[in-house]
Amino acid sequence: MIEFKGVTKEYQSGAALAAINLRVASRELFVLVGPSGSGKTTLLKTVNRLVVPTSGQVLIDGVDVAAGNLQELRQHIGYVLQSSALFPNMTVLQNAGVQLEALGWSKAKIRPRIEQLLQMVDLDPAIYANRKPAELSGVEAQRVGIVRALAADPKLMLMDEPFSALDPVSKRQLQQLILKLHRELATTIIFVTHDMHEAMLLADHVAVIHDGHLQQVGRPQEIIGAPANEFVANFFKDIIEDHQTLRQVVKAGFGQATGPSPSPTLVALPPETTIYQWAALIQNQPLVQVKVNQTTLAATDLVSYLASLEKEVATNVQ
Amino acid sequence: MFNETIHYAQTNGHEILVALGQHIEVALIATIITILIAIPLAVVLMNHRRGGEFVLQVASVIQTIPSLAILGLLIPLVGIGTVPAIIALVLYAIMPIFQNTYAGLTNIDPLLIEAADAMGVSKRYKLLRVQIPLAMPMILSGIRIGVVMIIGTATLAALIGGGGLGTYILLGIQTNNNPALLIGAILAAALALVASWLIKLLSHTSLKRLLIGLVALVAVGGGVYGVRAATAPKTETITIAGKMGGEPEILINLYKDLIEADNKHVNVELKRNFGGTSFLFKALKAQQIDIYPEFTGTVLQSLVKTDSAISHDPQSAYQDAKNGLAQQFKMSLLRPMAYQNGYGMTVTRQTAAKYQLKTISDLAKYPQLRAGFDPDFFQQSDGYPGLQKTYGLNFKNVKTLEPALRYQALAQGDLDVSDAYTTDPQIKKYDLVVLTNNKSFFPPYQGAPLMLTSFAQDHPQIVTSLNRIAGKISTKDMQAMNYQVTVAHQKAAVVAKRYLQAHGILKQD
């Protein structure tokens with residue numbers, strides 16, 4: 001478990017972090033999300049002390065990161081940077097083995113370990129092990145960056161906007177890779193991004209940061225369903241709008257008040273149910289009526305609601 | 001010019017190679033020392049911006065001091081020879097190598113440094129595996145600039161007895177010997193190009209190999225030096241130096257032949273074109289050289305302090321010089337040779353005929369003649385100012401110019417009258433007339449070996465050997481030998497040996 005206790009960072013230009021309190025459970029994929037300059041990267045770097053907080057503590061499994069040997073601390077934390085930041089003078093194998101070398105592994109032990117990890121990130125060691133970073137594409141380089149971070153089998157991996165420089169296709173590939181690795185490995189991951197879609201896709205829990213202040217912490221669905229404040233609602237606006245629920249259908253004025261003697265086919269659904277889940281239900285039982293709180297919705301309401309969205313889009317276009 | 005240069009290179013091939021070797025040796029040692037200072041310094045200071053900037057400033061200031069001045073400043077501190085030359089070169093080359101290394105180390109992408117830190121690598125690993133390899137292209141370009149600078153500046157080492165290719169450049173300028181000048185300049189330039197190219201090749205080599213190469217180079221160099229030192233025969237080496245030019249070179253070769261013929265266990269090392277009078281005199285005083293040929297006139301004019309006027313009688317002038325040196329400096333001036341190499345006034349044969357000039361006094365009647373003098377002669381009291389008083393000379397048009405150029409200017413008709421050294425071969429070459437010193441104004445300049453009295457006492461057999469040419473070698477002999485060396489470009493060693501054998505002083509081989 002990683003705990004941030006009142007972590008504050010002040011620069012001469014002002015405060016970057018204002019007394020952040022946060023807990024990250026073991027084995028979870030925790031995403032810090034926020035706009036540029038929000039302090040999310042600064043917060044991430046307090047974990048491996050690339051940033052030393054002005055006040056406050058960061059604890060890993062109850063041990064203050066400031067307490068022990070700094071080099072030792074870092075040797076057991078994986079770190080993936082924005083660009084791959086591979087050393088241009090070293091081969092893929094050497095780059096990925098840097099942390100193992102620091103830990104005193106022999107060359108004979110490093111090679112099989114790195115080859116195994118290269119395979120795990122879908123890079124053929126026979127082809128890639130002896131290449132220089134200049135001979136890699138951006139996505140290949142970042143795969144090597146991930147291998148470098150995972151080499152020492154760390155309990156904790158920090159990722160600082162690792163995919164922000166990649167094209168959308170490569171980005172999706174690597175997001176899937178991270179989800180796969182997270183399922184297979186017992187590693188806690190703290191992942192920084194400014195991309196809310198990425199946050200929603202990857203996170204077990206999300207922390208939203210703005211201007212050095214924590215705005216909201218929770219599961220992605222919770223944040224979308226109930227943004228804590230206007231900033232969070234605004235930040236996730238695109239997703240919330242894409243994420244159509246029965247609550248929005250009712251709010252838009254569709255459906256009828258449920259009568260005193262409801263039909264026996266009426267199915268009660270929570271307001272968070274998406275319209276897609278509703279459509280799937282209608283596909284199976286075309287005549288099904290659903291009850292959301294005090295409102296009854298029929299299949300025709302779905303069609304009308306979708307049509308009203310079309311009008312909205314058309315109006316926007318004009 | 002081309003043929004002359006080739007001829008000169010052929011006749012002096014061995015000496016040129018030795019000078020080239022010296023040049024490479026001095027440049028290599030200076031380069032290695034500079035690298036060993038500049039790179040670690042940059043490494044230490046890369047995380048201390050202020051210190052780094054300070055060193056950069058200091059190095060830049062050193063760079064602005066003319067190299068000649070640095071050499072001059074170093075003489076009282078470390079003497080003459082290769083040591084001050086190397087120190088000066090190191091001081092010069094520190095700036096480009098330090099600057100580039102420092103810039104290379106401080107301009108590495110901060111993300112890479114962050115990555116290295118975040119991996120928890122040691123400082124040493126970060127330095128050797130990340131920072132230095134990434135700064136290597138910059139470091140090598142700094143070394144390249146430094147080496148080219150060292151090779152170029154090393155030509156000045158010749159001024160303070162450091163040898164090298166500069167010897168030929170200086171000799172060329174001093175004696176108007178263009179082939180020598182060309183050879184020195186071309187070889188120095190070629191050496192710089194080759195070195196620059198070699199370093200470029202090295203830039204494609206890995207750091208590990210570079211380090212191994214450097215260590216191997218130092219080891220081989222040290223080994224060769226050690227072996228040479230260990231296997232060198234246990235003979236005594238004495239050093240004889242000479243002033244700039246052909247005549248001193250002939251004299252020191254005569255000394256060498258005489259000494260080595262009589263003393264089987266003495267090895268004579270010659271330092272030709274070693275510098276000017278005061279420089280050689282200081283070197284002798286500091287025991288950096290053992291013997292050099294000096295002239296009585298020079299001793300009385302510039303070295304010893306005398307209350308009485310300088311005698312114009314050769315015999316008493318020699319006694320004054322000898323006694324002055326012995327009392328004031330504990331030096332011994334051996335007996336002089338027959339010839340005198342002093343100042344004289346010279347005109348072309350046509351001018352002499354036209355104005356009926358025979359003596360210096362005759363010149364006083366023609367103030368319209370255009371005169372050209374050596375700058376020293378123009379200023380010294382035993383030069384033109386003295387002449388004006390003694391002979392009533394008063395030329396309206398007086399120029400000063402390089403001694404080597406005045407004969408040519410006379411021959412071409414750009415000048416009518418100039419000062420001359422009486423043994424200069426150009427007098428013969430251009431068919432000039434030396435006017436009679438009828439009021440004995442010029443002091444006699446008689447050449448003799450000068451050494452410390454302690455050295456003379458410890459080496460009586462060497463004194464005996466050198467005295468074998470006392471009272472020998474006429475002005476005509478010397479002029480002929482000077483002609484063979486300076487104009488006909490024969491080797492001084494050959495000319496000296498030929499003279500000794502022809503006059504029965506040494507046996508034929």
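Predicted model: local features only at pLDDT ≥ 70, side-chain atom pairs only at ≥ 80, totals over all residues.
Residues are numbered from 1 along each chain as its sequence is written, and chains are lettered from A and ligands numbered from 1 in the order in which they are written. Strand 4 comprises residues 55–60 of chain A and pairs with strand 1 of chain A in the antiparallel sense, over five bridges. Helices (H or I, at least four residues) and strands (E, at least two) are DSSP runs numbered from the N terminus; two strands pair if DSSP finds at least two bridges between them.

**A hairpin of two residues connects strand 1 of chain A to strand 2 of chain A.** Strand 1 (residues 2–11) and strand 2 (residues 14–24) of chain A are antiparallel and share seven bridges. Within this pairing, Val7(A) has Ile20(A) of strand 2 of chain A as its bridge partner. In general, strands of a sheet pair through backbone hydrogen bonds, either parallel or antiparallel.

**Four strands of chain A make up an open sheet of mixed pairing, in the order 11-14-13-12.** At the edges stand strand 11 (256–257) and strand 12 (267–268) of chain A; each has a single partner strand, so one side of each lacks a neighbour in the sheet. Strand 13 (residues 290–292) and strand 14 (residues 295–297) of chain A run antiparallel and are joined by three bridges. Val290(A) is partnered there by Leu297(A) of strand 14 of chain A.

**Arg111(A) lies in helix 5 of chain A, which spans residues 107–120.** Because 16 C-beta neighbours fall inside 10 Å, Arg111(A) is classed as partly exposed. A residue is buried if 20 or more other C-beta atoms lie within 10 Å of its own, exposed if 12 or fewer, and partly exposed in between, with C-beta atoms placed from the backbone. Gln94(A) and Arg111(A) are separated by 17 residues in sequence and by 8.9 Å in space, C-alpha to C-alpha. In chain A as a whole, 36% of the 318 residues count as buried. Chain A contains 15 helices and 14 strands.

**The contact between the two chains involves 14 residues of chain B and 15 residues of chain A.** On the side of chain B that touches chain A, the elements giving two or more residues are helix 6 (110–118) and helix 7 (123–153) of chain B. Helix 6 of chain B gives the most to this side, with six residues. By class, this side of chain B has 10 nonpolar, two polar and two charged residues. Residues are in contact if their C-beta atoms, placed from the backbone, lie within 7 Å. Ala, Val, Leu, Ile, Met, Phe, Trp, Tyr, Cys and Pro count as nonpolar, Asp, Glu, Lys and Arg as charged, and the others, Gly among them, as polar.

**Helix 11 (residues 246–262) and helix 22 (residues 475–487) of chain B pack at about 110°, with axes 9 Å apart.** Helix 11 and helix 22 of chain B are therefore roughly perpendicular to each other. Axes are lines fitted to C-alpha atoms, for helices over the stretch in contact, and angles run from 0 to 180 degrees between N-to-C directions. Angles under 35 degrees count as roughly parallel, over 145 as roughly antiparallel, 65 to 115 as roughly perpendicular and the rest as oblique.

**Five strands of chain B form an open sheet with mixed pairing, ordered 7-6-8-5-9.** Strand 7 (397–400) and strand 9 (432–435) of chain B are the edge strands, each pairing on one side only. On average, neighbouring strands of this sheet are turned by 35° against each other, direction ignored. Strand 5 (residues 343–348) and strand 8 (residues 417–421) of chain B run antiparallel and are joined by five bridges. Gly344(B) stands opposite Ala420(B) of strand 8 of chain B. Chain B has 23 helices and 10 strands, and 45% of its 509 residues count as buried.
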